[in-house]
Amino acid sequence: MFTALLRKDLTIEFRSKEIIISMITFGVAVILLYALAFRQSPEAIERFSPGLLWMVFLFIAAMGVHRAFSLEKEFDAFGMLLSAPVDRSIIFLSKWVSGFIFILVSQLVVVPLFLLFLQVSPPANLAGWIGIFILTDLGITALGSLVSGIVMRVRMSEILLPLLLFPLITPLLIAAVKSTDALMIGLQFTYWKIWPQIIVTFVIAFGVLGYIIFDFVSEE
């Protein structure tokens, strides 16, 4: 059933490309604003680039996760999905994985443009950089899917989602920025290993929490 739900989400999106194109367009617009704002100060770009990068990803992830759930509201598709004999934890897992794939695809476009327009060099440890990206994306989509499941049947869900998501995701975002910064300046792993540990803990905690309680939070 998990495979069927995931295939459904991916098929709908890769046919319409509605979510991914929105995420990429918004990400590129923010990057251009950054490039113009920091044009006169390359030192400031080098110093703040990890934070700027993850702010872009936070915004496009929130947009993508919310849109993925709001599509289910059309024709009451989510209500029919809940009334079907499907374990609701499986619904959470399928939304988590599909949201992760959407973010990963958008990053394949946004990250090179970020490096190009802001004239930032990628770190020498590319494998570690990609690993931090993957882990943080898993954390963002786990919490994003859980919060979206909570607010999707509430009025003004598009306002409630960032109000709930952004404060909760702050520890993950700080750990991602610190890890990215350490990789970009070539710091030894011993000095910043606490930050990947926080990211892994965040992913496990909200992945398990979402799997356990999604049955309850998806009720009207």
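Select helix 3, residues 42–73, and helix 6, residues 126–151: their axes come within 10 Å and cross at roughly 40 degrees. Helix 3 is therefore oblique to helix 6. The crossing of the two helices is right-handed. Keep in mind that this is a predicted model.

**Stop 1: the contact**

Show side chains on helix 3 first. Its part of the contact is Leu53, Trp54, Phe57, Ala61, Val65, His66 and Phe69. The contact of helix 3 with helix 6 has 10 nonpolar residues, six polar ones and one charged one.

**Stop 2: Ser145**

Stay on helix 6 and pick Ser145. Is Ser145 buried or exposed? Its relative accessibility is 1%, so Ser145 counts as buried, the cut-off being under 20%. Which residues does Ser145 touch, leaving out those up to four places away in sequence? Select Val65, Phe69, Phe92, Lys95, Trp96 and Phe214 to see them.

**Stop 3: Gln119**

Next, go to the loop between helix 5 (88–117) and helix 6, and select Gln119 there. Look at its backbone. Gln119 has a positive phi of about 55 degrees, although it is not a glycine. Now show the surface. Gln119 has a relative accessible area of 63%, so it is exposed, the cut-off being over 50%. Ser145, by contrast, is buried.

Conventions
Residues are numbered from 1 along each chain as its sequence is written. This is a predicted model: local features need pLDDT of at least 70, side-chain atom pairs count only at pLDDT 80 or more; totals for chains, interfaces and linings use all residues. Side-chain values use heavy atoms; hydrogens and water are left out. Axes are lines fitted to C-alpha atoms, for helices over the stretch in contact, and angles run from 0 to 180 degrees between N-to-C directions. Helices (H or I, at least four residues) and strands (E, at least two) are DSSP runs, numbered from the N terminus. Angles under 35 degrees count as roughly parallel, over 145 as roughly antiparallel, 65 to 115 as roughly perpendicular and the rest as oblique. A crossing is left-handed if the near helix is turned anticlockwise from the far one by less than a right angle, and right-handed if clockwise. Contact means heavy atoms within 4.5 Å. Ala, Val, Leu, Ile, Met, Phe, Trp, Tyr, Cys and Pro count as nonpolar, Asp, Glu, Lys and Arg as charged, and the others, Gly among them, as polar. Buried means under 20% relative accessible area, exposed over 50%, partly exposed in between (1.4 Å probe, protein chains only).
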